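Subject: Structure handover

Hi,

Here is the structure I promised to pass on. Please open it first, then read my notes beside it.

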Amino acid sequence: MSGAALGLEIVFVFFLALFLLHRYGDFKKQHRLVIIATLLAWYLCFLIVFILPLDVSTTIYNRCKLAVNSSPAENNGTYVTLAPSKQKCFKPWSYIPNGIMPIFWRVVYWTSQFLTWILLPFMQSYARSGGFSITGKIKTALIENAIYYGTYLLIFGAFLIYVAVNPNFNLQWNQLQTIGIAAANTWGLFLLVLLLGYGLVEIPRSHWNGAKRGYLLMKTYFKAAKLMTEKADAEENLEDIMEEVRKVSESIKYNHPLRKCVDTILKKCPTEYQERMGRNMDDYEDFDERQNSYPSEKSLVKLHKQVIYSVQRHRRTQVQWEILLEQAFYLEDVAKNETSATRQFVHTFRSREPENKIIQYFYTPTVEWYWECLLRPWFYRVLAVVLATFSVIVVWSECTFFSTKPVLSLFAVFIQLAEKTYNYIYIEMACFLTIFFLSICVYSTVFRIRVFNYYYLASHHQTDAYSLLFSGMLFCRLTPPLCLNFLGLTHMDATISHKKTQPTAYTSIMGSMRVLSFIADGFYIYYPMLVVILCIATYFSLGTRCLNLLGFQQFMGDSEMTSDLIDEGKELIRRERRNRQRQEEGENRRREWKERYGNRDDSTRNRVVHTDQKESSFSETSTNRPLSKYTRSNGRTERDRIELLQDAEPLDFNADAISDDPLELDSGR
């Protein structure tokens, strides 16, 4: 079992990352390199989170074994005895042999750093480029990243010159490597505390509000009003871009050198626009370079980039609108079924997606009613209380983890109590729950934030390549400082515990932070305390209020603008509900008409066809040709009339539609 746990977690994390990427990305339409790079970044970050508890349990076993096998004279040397010398050490079930973890962490860490600082920024520029060739896209990406890379090279070069000139510094390669790691972790810790302070409050609050049906429905109406505005803006933007594409397509003819670029742009347009532009093209006309002014290749590159962005945005808003409608209809159904006496959940509309038969067998309407109307609100309340308790423990530990005598960090207390009895399963579970909760608070914020329309992770395969790559960059930069922060909370980091104990394999590859004492003893210890201020600001929704004052509509219960948007969204949902009801009623009437009169129409059609065959045979034997033509056309007219009667829909009886004027009745007849 020494390597089985490591292998199982490696496989499990891979499928977890693949599942999440499939939910947000589109494997069919997006470039394979974008999918592979994003999958690798997500996979490495999730892998660090899942493997780190195994590293902790292995380190505790190694410390115990070292303490048992060492003599009192050796205990005064490098490592401190943490267990009695007569204590027998039990090997954990997930023990990883020596030498494997350092190599594993080194490969994972430096691969993730290569992705976040070099490869992913370059691929972002490559994905957003509007070039028509690979060479053109690479050139554009290099130009856009020249300032990005040049800034880091300038700072690093100035630092090397300062170290070379100053005689007080005698840095070696390992120390320079540690300084680079410390700089990257400092940047990541700065962003980590911001995201963590938001997630520690927002996650429990969102689950608590999830138990309020009225709150969820009002927020859905608010989202509907905002999304309709964005949807209309996306449609208008797409129309403007397609008009420019039409003008360019009409000006550049088939034998123009840039016609291939125009055809590439047309392939990125929606199908209805391609057909419309194809009908209006006159490719038989030759181009005359003297008479007309043609767009340049740079303008076509810019237009190509705009087409890709506008089409992606339009498709995303369309899909999100359909999903939001289904969510609003379902919440309204829940509100109606709460007062149901039969205790069976009744849906207003049938699901458009085919349901799984196994789920449909167990998740009956009665079970659905008990879950949605009775059990789910209480489950969300209990879960919110548990998450709020975890948040309080994290905030307390972040403010007190630097204290070693006495130990005030609750996570460190839990780990040290389990370490005395060498309960490795408890140690791994406690470490996993701690780092998993921290990761959820940080990563969920990454999935929720939206930077205008440049960065936005949209589910149901609606995330563009730029946002996927940007999320991979954020994960790779946030995960190493997140793990170091976790090791500090549990006092497994020697820099925090101030003990000469055997470090974890993950800490060993980071090097000793004592090279930069102001970072190790100052920034890493006192900066996480700011999470308290951020939690208070998030609890009172200060960020939401500031955005609302700046003109960005946010959901606030005491705002007049919010109530207006809720009313607007409610009217939009009501209108869509009426449209959906009319569509389903029309489908039901057509289905009933076919079931009731389908066989009768088939028999009538067969009789008419048999009569036509007789008349046509009689007319062929007759010598009067005009009579033959007349008989055939009469049969064809009869068949057309029968087909029209068959395709007609039954009309609903409406007494208001009957006119009392006899003249109108006669004219109607």
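A nonpolar core is a set of buried Ala, Val, Leu, Ile, Met, Phe, Trp, Tyr and Cys residues joined through side-chain atoms within 4.5 Å. Keep that in mind for the next part. One caution before you start: this is a predicted model.

**The cores**

The largest nonpolar core holds 97 residues. W42, W105, L200 and Y506 have the most contacts inside it. Helix α2, residues 32–69, gives the most to this core, with 21 residues. Now zoom in on W42. Leaving out residues up to four places away in sequence, W42 touches A17, L20, L21, F447, L468, S471, G472 and F475. Another core lies apart from the largest one. This other core has 19 residues, including Y273, M277, L303 and V311.

**The overall picture**

The protein has 669 residues, and 40% of them count as buried. DSSP runs give 23 helices and two strands. Take the contacts between residues at least 6 apart in sequence: 78% of them join residues at least 24 apart. The protein exposes about 38800 Å². Carbon and sulfur atoms supply 60% of that area.

Start with R63, which lies in helix α2. Is R63 buried or exposed? R63 counts as buried, because its relative accessibility is 9% and the cut-off for buried is under 20%. The side chain of R63 reaches the backbone oxygen of Q502 at 2.9 Å. R63 and T501 are 438 residues apart along the chain, yet their C-alpha atoms are separated by 7.5 Å.

Next is Q113, in helix α4, residues 100–128. Q113 is buried too, with a relative accessible area of 9%. The side chains of Q113 and W117 are joined by a polar contact of 2.9 Å. Setting aside neighbours within four places in sequence, Q113 is in contact with I118, A184, C476 and P480.

For a contrast, find R276 in helix α9, residues 271–279. R276 counts as partly exposed, at 40% relative accessibility. R276 and R246 are 30 residues apart in sequence. In space they are 9.1 Å apart, C-alpha to C-alpha.

**The cysteines**

How many disulfides does a search of the whole structure find? The search finds zero. Two cysteines are worth a look here. For C399, the closest cysteine sulfur is in C535, at 8.8 Å. That is too far for a bond, because a disulfide needs two cysteine sulfur atoms within 2.5 Å. C399 counts as partly exposed, at 22% relative accessibility. C441 is in no disulfide either. The nearest cysteine sulfur to that of C441 is again in C535, 8.9 Å away. C441 is buried, with a relative accessible area of 0%.

**Helix α19**

C535 brings us to helix α19, residues 531–539. The buried residues of this helix are V531, C535 and T538. Why do they line one face of α19? Seen down the helix axis, the buried residues fall within an arc of 65°, so they line one face. Just after α19, S541 takes a positive phi of about 55°.

**Backbone details**

- P406 sits in the loop between α12 (365–400) and α13 (410–421). The peptide bond from K405 to P406 is cis, with omega near -5°.
- R343 lies in the loop between α10 (297–337) and α11 (357–362). R343 is not a glycine, but its phi is positive, about 55°. At 41% relative accessibility, R343 counts as partly exposed.
- H491 is in the loop between α15 (465–489) and α16 (494–497). Phi of H491 is near 60°, a positive value in a residue other than glycine. H491 counts as buried, at 7% relative accessibility.

That is the tour. Send questions whenever you like.

Best wishes

Notes: Residues are numbered from 1 along each chain as its sequence is written. This is a predicted model: local features need pLDDT of at least 70, side-chain atom pairs count only at pLDDT 80 or more; totals for chains, interfaces and linings use all residues. Side-chain values use heavy atoms; hydrogens and water are left out. Buried means under 20% relative accessible area, exposed over 50%, partly exposed in between (1.4 Å probe, protein chains only). Helices (H or I, at least four residues) and strands (E, at least two) are DSSP runs, numbered from the N terminus. The arc is that of the directions from the helix axis to the C-beta atoms. Contact means heavy atoms within 4.5 Å. A polar contact is a pair of N or O atoms within 3.5 Å; within protein, one must be able to donate a hydrogen and the other to accept it, and residues adjacent in sequence count only if both atoms are side-chain atoms. Accessible areas come from the Shrake-Rupley method with a 1.4 Å probe; for residues, only the protein chains shown count as cover.
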